[in-house]
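Me: Could you take a close look at one part of this model for me, the salt bridges and how open their partners are? I'd enjoy a connected walk through them.

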Amino acid sequence: MTLALVSRPGTTAPAAEEVTLPALAPGELRVRVTAASVDPVDVLVAAGPARAIFGLTGTVGLGMSLTGVVTETTDTAFAAGDPVAALHPDFAAPVRAHATETVLPASAAARLPDSLDPVAAASLPVNALTAAELVDSLGPADGRSLLVTGAAGGVGGYAVALAAHAGWTVTGLARETDRAFVLRAGARELVTQVPGPSFDAVVDAAVLHRAALPALRDGGAFAGVPSASPASPERDISISISSVQPDGARLARLLDLAASGVLELRVAGRVPLTDAAVAYDKVAGGGRRGRWLLVP
C-alpha cells in the first residue's frame, strides 16, 4: 500500500490515505518518492478553490514536483534504480507527488544528475519548467531588456537566471531585502516598484498582469501564467499566457543547469510526509523564499 496525501470534496486541508497504485500502462514509471515540493497550487487544490478551476470531483491526489527512484517501468528509456525528477501532470490522479510511491508518464521525468542533492532537487520541476516556458515564449534575447516580476519567488528566481543565461538584460522586481539573491541569479538591477515604459518584455511571475503592462514599451511582449483578471493587449503589446506542461527533455536541461550552478536550488524547510500539514500551512502563509519539501 502507498501512503498518499489527497484532497477530498468539502475539506480544506490535505488528508493522508492508504492507496493501492494501479498497474503500469505502456510508457509509465512507478517511482519511490525521495522528496516532493509543496507549491501554492497544491495548497489551492487542498483548500478547495482550485478544484473547480481544474474540474476536479471526488478524492484526488496532491503534489506536482518530485524526485525519486524508478522501481518499475514500461518505458525503455528508464530502468529500475534510475534516480529521477518529474512533474506529475494529472490533477485528477488518485496518487500524485505527495506520496511514498507514485505512477507517472515516463515523458514527464528526467534522470537526476549525480551531483544534485536528490531531496533539494524536488524544489525544481514545476517552478523551473514554468519559468522556462515563460522565457522561451518571448523568443531570442537579441539584446532586448526584460523585467521579471516576483523575481525572488520560486518561478521568478528561475526566470531571472534562465533569461540572463540566454542573453537578456534582466531587471528584477522584488523587495529590497531580496536584492542579493536577485543579483546573484543574474539580474543587472533590482527595482521595488513597477517602472514606466522602459522594457522590451516582461515575465510576470508575480501574476500582476495589467499592473505590469506600464513597464513595457509600445510593441513589447508580456509572458505570464493564467489569472482570473488577465492582461489585455494594448499599445501593440503581445500577450502570451502559459500553463506548465510536463516535458522530460526540457526538465533534463534544467537539471543540468542546476548541476552546473546556473540555477540555484532553494529549500525553505523539510518535513516528513506525515507532518505535511506543517508545510501546507507555511506555504499558505506566503512570503517564503524557497520551497517546503515533504520527505516520505
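Reply: Aspartate 178 counts as buried, at 11% relative accessibility; here buried means under 20% relative accessible area, exposed over 50%, and partly exposed in between, with a 1.4 Å probe and protein chains only. Its side chain meets that of arginine 289 in a salt bridge, 2.9 Å from N to O, where the term stands for a side-chain nitrogen of Lys or Arg within 4 Å of a carboxyl oxygen of Asp or Glu. This pair links distant parts of the chain, 111 residues apart: aspartate 178 sits in the loop between β10 (169-173) and α5 (179-185), and arginine 289 in the loop between α7 (276-285) and β16 (291-295). Helices (H or I, at least four residues) and strands (E, at least two) are DSSP runs, numbered from the N terminus. Arginine 289 itself is partly exposed, at 33% relative accessibility.

A word on the ground rules: this is a predicted model, in which local features need pLDDT of at least 70 and side-chain atom pairs count only at pLDDT 80 or more, while totals for chains, interfaces and linings use all residues. Residues are numbered from 1 along each chain as its sequence is written, and side-chain values use heavy atoms, with hydrogens and water left out.

Glutamate 72 and arginine 30 form a salt bridge whose closest N and O atoms are 3.0 Å apart. Because glutamate 72 belongs to strand β5 (residues 65-73) and arginine 30 to strand β3 (residues 28-38), the contact ties together parts that are 42 residues apart in sequence.

Next comes the pair of aspartate 218 and arginine 235, whose side chains meet in a salt bridge at 2.8 Å, N to O. Aspartate 218 is in strand β13 (residues 216-224) and arginine 235 in the loop between β13 and β14 (238-241), so the parts tied together here are 17 residues apart in sequence. Aspartate 218 counts as exposed, at 59% relative accessibility, and arginine 235 as partly exposed, with a relative accessible area of 31%.

Salt bridges can also join up: Glu133, Asp136 and Arg250 are linked in a network of them. In total, the structure holds 13 salt bridges, among them the pairs of aspartate 178 with arginine 289, glutamate 72 with arginine 30, and aspartate 218 with arginine 235.
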